[in-house]
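Subject: Structure handover

Hi,

Here is the structure to look through. My notes on what was found in it follow below.

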Amino acid sequence: MNHRFRVPARVLATLTLIVVLVSIPVAGQAPSTASRTNGTAAKPYTPSRTPDGQPDLQGFWTNSTYTPLERPKDVTKEYYTPEEAAAAIKLVAERENEQTEPGTTADVHYDFSQFGLDRSQSTFTQSLRTSLIVDPPEGRIPSMTAEGEKRVADRAAARKALGGQYDSVQNMPIGSRCIVMAGAGPPMMNAGYNANYQIVQAAGYVMILTEMIHDVRIIPLDGRPQPPPGVRQWTGVSRGRWEGQTLVVETTNFNGKNPFRGASENMRVTERFTRTAEDTILYKFTIDDPSTWAKPWSAEMPMARTQGPIFEFACHETNYGIANILAGARADEKRAAEAAAKTGSK
Amino acid sequence: MRNRLVTLTTVTVIAAAGVLLTTTAGTAQAPAYRAPRAADGKPNLNGIWQALNTANWDIEAHAAGPSVVRELGASAAVPAGLGVVEGGEIPYRPEALAKKKENYTNRLKLDPEIKCYLPGVPRSTYMPFPFQIIQSQQHIMMVHEFAGAVRTIYMENHVEAPADSWMGWSNGRWEGETLVVDTKGFNDLSWFDRAGNHHSEALHVIERFTARSPETLMYEVTIEDPKVFTRPWKMSMPLYRRVERNAQIMEFRCVEFVEDLIYGHLRKQPSK
Amino acid sequence: MRTKLALVVAGIGVLLASAPVWAHHAFAAEFDVNKPLKLRGTLLKWEMVNPHSWFHLDVKDQDGKVVTWLIEGGSPNQLIRMGVTKNTVPIGTELVIEGYHAKDGTNKAVGRNFVLADGKRLFLGGSAPGGGGDKK
Amino acid sequence: MKTMMRTFAIALTILTVASLRVDGQSHAWTPPRTPDGQPDLQGTWTNATITPLERPAELAGKPFFTEAEAAEYEKTVAERNNMDRRDGSPDADVARAYNDFWWDRGTKIVKTRRTSMIVDPPDGRIPPLTSEAQRKVAERAEYRRVHAADGPETRPLAERCVLWPTAGPPMLPSAYNNNYQIVQAPGYVMILVEMIHDARIIPTDGRPHLPSNVRQWLGDSRGRWEGNTLVVETTNFTDKTNFRGSGDTLRLTERFTRTDPGTLMYEFTVEDEASFVRPWKAEIPMVKAEGPLFEYACHEGNYGMENVLAGARAEEKRAKP
C-alpha cells in the first residue's frame with residue numbers, strides 16, 4: 001500500500017478541532033445573525049471604528065466553506081442540526097484528502113494536501129445552512145428566463161465555434177489564463193483554495209484584495225455615479241455606502257466575459273458586509289438581472305477572520321502550465337497524424 | 001479674420017512657452033511642508049497618484065528615439081527625458097553594464113512590461129499609469145492600474161520576505177512627514193525601465209514618500225544591489241495627484257492583450 | 001476510489017456534490033496519464049511562484065549524465081501562511097518524486113507525490129514549521 | 001581663445017555700430033522692456049534677404065556695397081530669381097517649380113549693405129574645413145549620390161520635413177517663409193520658426209546644458225542677457241544636421257540685439273574645431289514683419305516624398321532590360 005493512499009492523520013485531527021471551534025449559528029435563528037452557540041445569550045456585536053469613523057472591517061478574512069451555493073436536491077430543510085453539519089463536513093473533508101487511483105486522469109495532479117491546499121488545512125467557515133442561497137427559500141437559483149437560456153446557448157455555441165479547448169490559449173478558461181478567477185465576482189464566491197481576502201479602509205474608500213490573481217477592488221464611498229454604460233470591466237464597477245454598521249456595495253458595468261451563473265453584462269450585484277462578531281463578517285449578496293432571472297435572488301455566507309499574510313499571487317508571469325498544455329496538444333496532434341500516416345501507408 | 005489668426009497664433013505660442021515655465025526641475029528638494037493628517041494623526045498620503053516623466057522609458061537622461069516596433073510609428077516612440085537618477089549615471093559593475101546594453105538591444109523580446117508582467121519596484125511607481133494609496137495603521141496598500149499590481153506595506157509585524165516575488169516584501173515606517181518603505185525579497189526578473197536597466201534578486205529598495213504640497217508628493221528611492229552596482233544610488237521625482245473628481249483606478253488586465261504574443265506559436269494554426 | 005466513499009449519511013450525502021478543490025488548469029491536458037515516472041534527484045531550485053510552484057531537480061539518467069527536470073506542484077501561498085519559506089527546503093535536498101511526464105515529451109512532470117530521502121512526505125507530517133494548518 | 005573671441009566681439013560691435021551709422025540710424029536707441037524687465041524682442045521678424053552668406057568671388061575685397069551698387073545688385077538678382085520666366089532648358093524650367101508668387105527670398109540686400117552675411121573672417125568666406133571634416137563631407141556626398149532616392153532616410157532633411165535650414169541654429173533665410181515670432185516670459189525666450197513650426201524655447205535661468213549623451217536636432221540652447229543683448233549658446237547637436245560641414249562638436253553662439261524699432265540684429269559665431277580651421281561669424285539684421293504665422297504642417301501633407309520615391313522606383317523599373 002502506497003503511503004499516499006492514507007489520509008494524513010494529522011489533517012483529520014486538525015479538522016476535528018476546527019469543527020469544534022468554528023462558530024455555528026443556531027438553526028431557527030434569524031438567518032441574518034451569526035451569533036455563537038456557546039450556550040449564553042448572544043449580545044449584539046458593535047464593531048469598533050476606524051480612526052476616521054467607519055465600522056472596522058479590516059484584516060484578513062476567508063470565505064472558504066463546504067456549504068454549497070445551491071441546496072442539494074434531496075435536502076429539504078434550510079438548516080442542518082450541528083451533528084449533521086459536522087458529519088457532512090467531515091465526510092467531504094475526508095474525500096478531499098482521499099487519494100486518487102494511480103493511472104487515472106484524476107491522479108495526474110499534485111496532491112492538494114501536500115501543499116496545504118485542501119480546505120481542511122486552512123480556516124474555513126460554516127453555518128448550519130444547507131445552501132448559501134437564502135432567497136428564494138428553496139435555496140436554489142431561480143429558473144432562467146427564455147432570454148437567459150438563449151444567451152447561455154449562444155455563448156456555448158460561440159465557444160464551440162472557436163474550436164477545441166486546447167487549440168489556442170484564447171480557447172482556454174479565463175482562470176487558467178490568469179485573467180480573472182471565475183469566482184472573483186462580485187459576488188465574491190469562495191475559491192477552491194487561497195480563498196482569502198484582505199480588507200483595508202481609508203477615508204472614503206474600502207479596499208478588498210482577493211488573494212487569487214491579486215485582484216483588488218477599490219470601492220469609493222463618496223457617492224460618485226457609475227461611469228457611462230460604455231465603460232465595462234471584468235469585475236464591473238463598484239460603488240459603496242454605509243447603512244448603519246453595514247457596508248453596502250452596488251456593482252454594475254460588467255463586461256459579460258466572466259458571466260456569473262449565466263448572467264448578462266447588465267447584472268447588478270448588491271453586496272452587504274456586516275461585522276457580526278470580532279472574527280466574523282456576514283457577507284450577503286443579491287443578484288438582480290431581469291433578463292436572466294425574473295426576480296432577484298440572494299445568498300449569504302460568513303467570512304471568518306484568518307491570519308495573513310497574503311503572499312503575492314503573481315499568476316500570468318510564471319504560468320508555465322499554459323505553454324505546456326498547448327505544447328502537449330500539438331504533440332498529441334503530431335503523434336496522431338504520424339499514426340494516421342502509418343496506417344494509411346500500409 | 002486676420003485678427004483672429006493673429007490671436008490664435010499668439011495663444012499657441014504663449015501656450016508653448018507656458019508649458020516650459022511650469023516644468024521646473026522636478027528633483028529640487030521639497031520645501032518644508034506639513035501634510036494634512038489622516039484620522040490617526042499620520043501624514044495623509046491617501047489618493048490617486050501618478051508620475052509625470054519619462055522614467056519608464058529610461059531612468060537615465062536620454063534623447064527622443066524611434067519606436068522599437070516600426071508599425072507603431074510616433075505613437076510608441078521614446079519621449080526625451082533628463083533622467084531621474086541623482087548624479088546622472090547608474091554605477092553598474094562592468095558585467096552588469098554589459099547586460100544592460102544587451103537588454104536594451106533585445107528589449108522587444110525581453111522587456112517584462114511587454115509581456116504584461118508585474119512591473120516590480122520602483123518601476124510600478126513611475127509607470128505611465130495611476131496608482132492609489134490606501135492608508136490604514138496596519139497596512140498601507142499601493143494599488144497600481146498596470147496589471148493590477150498591488151503592494152502591501154506592512155506598518156507593523158515586520159518580517160523577512162518568505163519567498164522572492166515580483167513586487168517584493170515591503171515593511172514601512174513613518175519618519176516624521178515621510179513614509180519610509182523598505183523592500184526586499186525580489187526576484188531578478190523585473191526591470192527598472194524599458195531601456196533594460198536591471199537588478200538581481202539581492203535588490204534592496206528604500207523608498208521615501210513625502211508630501212510637498214496638497215497635490216504633490218516627493219518620491220525618493222535608494223537602490224542597493226551589490227551584485228549589480230558598485231555602490232548604492234538614488235532616484236527622485238515628484239508624484240502628482242490625479243485631481244479629477246472621477247479619478248479611479250480602472251482595470252488594466254493586460255494578460256489577454258499579450259497572449260497571442262506569448263503563446264501564439266503554440267496555436268493549432270500558428271498565428272502569423 | 002475507495003468503497004468508503006460510497007457511504008452516505010442520510011440527508012447530507014448530496015453534499016458530496018459540492019465542488020471539489022478547484023484546479024487551476026487541466027493537468028491531464030498537460031501531463032500524460034500513460035507515462036507515470038519516478039525521479040530521484042537533488043533540488044536545484046524551488047520556484048515558489050503562482051499559479052503553481054515548480055521544483056528544479058537534477059536527476060542522473062541511465063548513463064550517469066545529470067539532467068534537470070522541472071516538476072510542477074501547488075501554489076505556495078498556503079504553505080507560506082503555515083510558515084514555510086524559501087529556506088525550508090534547502091537547495092541540494094534529495095527528493096523522490098512520483099508523477100507523470102509532460103505530453104510534449106520535454107523534461108517536465110507533475111509531482112504527484114514529493115518524498116524526502118528518509119521516506120517522509122514533504123510538508124506534511126511535521127516536515128514544515130507549523131505544518132498542518134494555519135490556525136494560531 | 002577666449003580673449004580672441006572677446007576681441008572679435010568688440011570688433012563686431014564696432015563694425016555693427018559703424019554699419020548702423022551707414023544706415024543712418026541712431027545707436028542710442030533703447031529697446032522697450034517686457035513687464036518683467038527683459039529687453040523686449042517680441043514680435044514677428046523676417047530675415048529674408050538676397051545677401052548671400054558668403055561673399056561672391058567677384059566682390060572679393062569689397063565688404064560693403066555703395067547705394068548705387070546695391071540697387072544694381074538687387075536688380076540683377078531679381079532677374080536671376082525670376083521664376084516666371086520660361087527660358088533655358090526644360091530642366092531649368094522644372095527646377096523653377098512654380099511662379100514667382102510663391103517665393104519670398106526677399107528682393108533687397110541687408111540694410112547694412114554688406115556683401116556677405118559673414119563678417120569674420122574678413123574675406124566673408126567660410127574658413128576651410130579640417131581634413132577630417134572634408135573626408136566626412138565627401139563621404140556624405142558620395143552616400144547621397146549613390147543612395148539618392150533609396151528610401152526616405154536618404155533624402156534631404158528639409159524634404160523629409162525633419163528640419164528646415166531656416167530653423168538653425170543658426171537661423172538663416174531660405175527661399176520662403178523666412179519669418180520668426182518671438183514671445184518672452186519670465187525665464188524664457190521662445191522663437192517660433194515658421195518653417196516647419198519649430199519652436200525654440202530658450203531658458204535664461206542659467207541652468208547647465210543637457211548631459212552630453214542627450215542630443216537634439218536643434219541642439220540644446222541656453223540664453224542669458226548681456227545688457228540689451230540676448231546671448232544664446234547652443235551645444236548637444238546631433239551629427240545629422242552638418243551645418244556647412246559642422247559636426248556634433250558644433251558650439252554656436254547667437255546674439256540678438258534690437259537696434260531700432262524695426263531692426264533686430266542677429267549675429268552668430270560658429271565654433272567647431274573638429275570641423276573648421278577657425279571660428280567664423282555672420283550677421284543678419286532681421287526686419288520687423290507682419291504676422292501672423294500660419295501653421296506650417298509639413299510632414300502631414302508631404303505627398304512629394306511619395307512622389308519622389310515612386311518616381312525613383314519607376315525609373316529603376318524602366319531601366320531594367
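Buried residues make up 59% of the 346 residues in chain A. Buried means under 20% relative accessible area, exposed over 50%, and partly exposed in between (1.4 Å probe, protein chains only).

Some ground rules. This is a predicted model, where local features need pLDDT of at least 70 and side-chain atom pairs count only at pLDDT 80 or more, while totals for chains, interfaces and linings use all residues. Residues are numbered from 1 along each chain as its sequence is written, chains are lettered from A and ligands numbered from 1 in the order in which they are written, and side-chain values use heavy atoms, with hydrogens and water left out.

Chain A

Chain A holds four helices and ten strands. Helices (H or I, at least four residues) and strands (E, at least two) are DSSP runs, numbered from the N terminus. The order along the sequence is α-β-α-β-α-β-β-β-β-β-β-β-β-α. Take the contacts in chain A with a separation of 6 or more: 64% of them join residues 24 or more positions apart. Contact means heavy atoms within 4.5 Å.

Salt bridges

Side chains of opposite charge can pair when their charged atoms come close. The cut-off used here for a salt bridge is a side-chain nitrogen of Lys or Arg within 4 Å of a carboxyl oxygen of Asp or Glu. The whole structure has 56 salt bridges over all chains.

One of them joins A:Arg217 and A:Glu271, at 2.6 Å from N to O. A:Arg217 is in strand β5 (residues 215-220) and A:Glu271 in strand β8 (residues 268-277) of chain A, so the pair ties together parts that are 54 residues apart in sequence. Both A:Arg217 and A:Glu271 are buried. Chain A also has a network of salt bridges, linking A:Arg241, A:Glu243, A:Glu250, A:Arg268 and A:Arg272.

In chain B, B:Glu201 pairs with B:Lys227 in a salt bridge, with the closest N and O atoms 2.4 Å apart. B:Glu201 sits in the loop between β6 (178-184) and β7 (204-213), and B:Lys227 in the loop between β8 (216-224) and β9 (233-241), so this pair ties together parts 26 residues apart in sequence. B:Glu201 is partly exposed, at 33% relative accessibility.

In chain D, the salt bridge between D:Arg224 and D:Glu233 has its closest N and O atoms 3.4 Å apart. D:Arg224 is partly exposed at 34%, whereas D:Glu233 is buried at 16%.

Chains C and B

The contact takes five residues from chain C and four from chain B. About 370 Å² is buried between the two chains, and carbon and sulfur atoms give 61% of that. Buried area is the accessible area (1.4 Å probe) that two parts lose on being put together, summed over both. On the chain C side, C:Met48, C:Ile80 and C:Lys86 lose the most area to chain B, together 80% of what that side buries. There is one salt bridge between chain C and chain B. B:Asp164 forms a salt bridge with C:Lys86, with the closest N and O atoms 2.6 Å apart.

Best wishes
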